[in-house]
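Please examine the model shown below. The paragraphs that follow explain its strands, its helices and some of its individual residues.

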Amino acid sequence: MSEPTSGAGRGASRPEAAEAVPAEDVAAAETAAEQAYVDTVFAQLAVSAKAAQDLAKEGHSRGALGHEGGLVERDAMVFQAAKRIAQLDAAHEGLVFGRLDLDPSVDERPRYIGRIGLRDGERDSLLIDWRAPAASVFYQATAASPQSVLRRRVLRSKGRTVEGVEDELLDGEAMEAAGLDLPIVGEGALIAQLSRARDRSMHSIVATIQAEQDRAIRAPSKGVVAISGGPGVGKTVVALHRAAYLLYTDRRRYESGGVLVVGPSGVFMRYIERVLPSLGETAVALRSLGEVVDGVRATRQDDPAVAAVKGSARMADVLRRLSRQQAPDSPATFRYFYRDDVLTLDRGTLGRIRRTLMNQGRRNRQMPRVPGALLDALWRQVRGERGRERGREAFNDELKGDPRFLEFVAAWWPPLDAREVLGWLREPEMLGRVAGGDLSAEEQQLLLKSWAQDAGQGSGLDLSIQDVPLLDELRYAIGDVPQKTDDEASLDDTGLLEGGVDVAELFTAADREFAPAGRAWAPPAHKIEDDPFAHVLIDEAQDLTPMQWRMVGRRGRTATWTIVGDPAQSSWPVPAEAAAARAEALEKKVTHEFHLGTNYRNSSEIYEFAAAYAERVGLDADLPTAVRSTGEHPVVVEDAPDLEAAVRAAVDEVAGRVGGTVGIVVPVARRSEVNAWLAGWPERAGDAPNARAAVDSSVSPSGEDRVVVLTGLDTKGLEFDAIVVVRPQEIEDESPTGRATLYVVLTRATQLLTTVS
């Protein structure tokens, strides 16, 4: 690596007598030196971006060569250029964040660590990617095991400006032995990071990852990495950095197969969406639990009692039986006069045919077999001499050419959509038929009530987050409608029957059933994919219901996994049932367990308050150690005679004292009420700049909203500078897992916590 010309080099040899230099002057000089180096890196970044753009232009020009090879070269060059441009564009914030000064016997030059790797025009390294092996010591070195690191420095930057540096002296004896005098600036990177105000996006704290976290990030890629620990230990940050690390170490596998990151809510996903791009990764699918199924987006939460029924593993059997039911309003009989015979398909015969077909595979997949199965049953009833003389082929031709038969086939076995089938459960008779052995009468009434609001939408449903796994279960139970081949499409001149039934498809299906020997028909490949990803990352895994585990499991059958959670924060009331579903989803993959035990989020005063609550209500909580103290103890406002005034006063107080975000956490039943109180909350000139309340921010938060109103479940995975908890007892009482929810709420604040009763 070329020696930096910015002045940010090694410390000078220790003089015999040194005049004391004020600490602020030392810090300013060190910051200026690092700024010069960062300027050099950004200049090279611009050169690299220009080179990537030139590559893209050259690639496009290859497409004009007029031959197939040119097109292939164009696609490859443009694709690679686009990836590099996206990576360079995403890396500007905190591009250079670390520096290592090592024992001169190992490396005489400082190593700079950043979000991406970068070389200068002579191919010498300017910046080491944080995921590279050469950068691992930045996270793993400690004073007890310095690993040849003398000083570790973190650069605090905003955009391209270095605002300060924070140093840790790891091996003073080795530094003195080498005759070096490296200045040590600041209070230490980790504590400085913890003191920062939070905004509406999670910050990548790649520069402050500690050794226990780094071990989880760089764990073996095979199988499952399970990261556990109490609130504030950095589980989410570690998991996201692990995803970026895997993409770096095995990019072909994970970029081609895809990485799926699943979080508890849309609010949470918007909160973390900047993290992976800031680490140099853009090829990741981030989905909340209401968005896991392609083409579906649900944001509404069901009431806890309803959610407990929909999430239960028993629903899998209910939906399996539902997928085998005859479509409502479909014809129950068919009569046909053929020569001297009256042929009849009665309810019993049709039921036997339906069961036979269903036993052969998914319902929609059997559509091509339906005409032949019905023709078989009708032909067996032909007894007359005239009918038998004409033979089976003439019989098939006549019925296949009769619109009455084709219309019956289309009405009796129509192509079904999973959302439509789920809608059948709005009918009490159908629900009772398929759920009687698994769901009690009370549970069935809860389901009927939850879907009753959609009664005016035809077959459509306004899906809740808890409905999405049910929809996915049905997608796999009924399958997709087989698609026609190009040869079959040429028959489209036969037209469509009323209702869009494709006559050519029915003709071709019957022909296939009775094809001569040697022309056996094979069904086309199933269109519904198992949605396999190369890696699946689940955050707040303790909250997944058994049905959600089944949904996510389908997308990770061949994947490696990262699973993050804390059982004490679970909102699912039957842990054993969820554990069984999780084990089934993971299919006995080898698991690597990592436990994080240090709370970096909360002050010790706030976490002691939350931990005391957990112990008081009997939660079996993992209680990490909080590493910092602010002297600010939680404020408890009791017996407030005017709740609105008390809430407004609490919000004014904390918003005036912190510069970042303020979360107002309310019981579900009070969200609209509190939103109305704060909708006109004014800006507070001076002590609370740019503060305004977000109305219904749990659904669509604005990046500029500093004060937001959330329910307890909405706060999962989030953090705020200050929290105001409204009526905590009501949050505890609103669900069977309300104590765990309130415990989560009490651990969201980094600086100030107020409860208003």
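Arg99 has Tyr112 in strand E2 as its bridge partner. This pair belongs to the antiparallel pairing of strand E1 (residues 96-102) with strand E2 (residues 111-114), which extends over four bridges. The model described here is a predicted one.

Strands E1 and E2 are part of an open sheet of six strands with mixed pairing, in the order E3-E4-E2-E1-E5-E6. At its edges stand strand E3 (118-119) and strand E6 (161-169); each has a single partner strand, so one side of each is left without a neighbour in the sheet.

Thr31 lies in helix H1, which covers residues 23-62. Apart from neighbours within four places in sequence, Thr31 is in contact with Val162, Glu163, Gly164 and Val165. The relative accessible area of Thr31 is 14%, and because buried means under 20%, this residue counts as buried.

How many of the five residues of strand E8 (residues 259-263) are buried? Five of the five are buried, so the strand is largely enclosed by the rest of the structure. Both of its faces are covered: Val259, Val261 and Gly263 are buried on one side, and Leu260 and Val262 are buried on the other.

Strand E8 is joined to two strands described here. Five bridges connect E8 with strand E9 (residues 284-288), and the two run parallel; in this pairing Gly263 stands opposite Ser288. Four bridges connect E8 with strand E14 (residues 535-538), again in a parallel arrangement.

Attention now turns to the packing of helices. Two packed helices are described by the angle between their axes and the distance between the axes. Helix H12 (residues 314-323) and helix H18 (residues 428-435) pack at an angle of about 115°, and their axes are 8 Å apart. Their crossing is right-handed. On the H12 side, Val318, Arg321 and Leu322 take part in the contact, and they meet Met430, Val434 and Ala435 in H18. By class, five residues of this contact are nonpolar, none is polar and one is charged.

Helix H14 (residues 370-379) packs against helix H15 (residues 385-400) at an angle of about 150°, with 11 Å between the axes. That angle makes H14 roughly antiparallel to H15, because angles over 145 degrees count as roughly antiparallel. The crossing of H14 and H15 is right-handed.

Which residues of H14 and H15 meet? From H14 come Gly372, Leu375, Asp376, Leu378 and Trp379, and from H15 come Gly387, Arg388, Gly391, Arg392, Phe395, Asn396, Leu399 and Lys400. The residues of this contact divide into five nonpolar, four polar and four charged.

Leu753 is placed in strand E24 (residues 749-756). Is Leu753 buried or exposed? Its relative accessibility is 3%, so Leu753 counts as buried. Leaving out residues up to four places away in sequence, Leu753 touches Ile606, Phe609, Pro634, Val635, Ile723, Val725 and Leu746. Between Leu753 and Phe609 there are 144 residues of separation in sequence, but the C-alpha to C-alpha distance is 9.5 Å.

Finally, some totals describe the protein as a whole. The protein contains 29 helices and 24 strands. Of its 757 residues, 54% are buried. Among contacts with a separation of 6 or more, 75% involve residues 24 or more positions apart.

Terms used
Residues numbered from 1 in each chain as written. Predicted model: local features only at pLDDT ≥ 70, side-chain atom pairs only at ≥ 80, totals over all residues. Heavy atoms only, no water. Axes fitted to C-alpha atoms, helices over the stretch in contact; angles between N-to-C directions. Left-handed = near helix turned anticlockwise from the far one by under 90°. Contact = heavy atoms within 4.5 Å. Nonpolar A, V, L, I, M, F, W, Y, C, P; charged D, E, K, R; others polar. Buried < 20%, exposed > 50% of the residue type's maximum accessible area, 1.4 Å probe, protein only. Pairing = 2+ DSSP bridges. Parallel < 35°, antiparallel > 145°, perpendicular 65-115°, else oblique.
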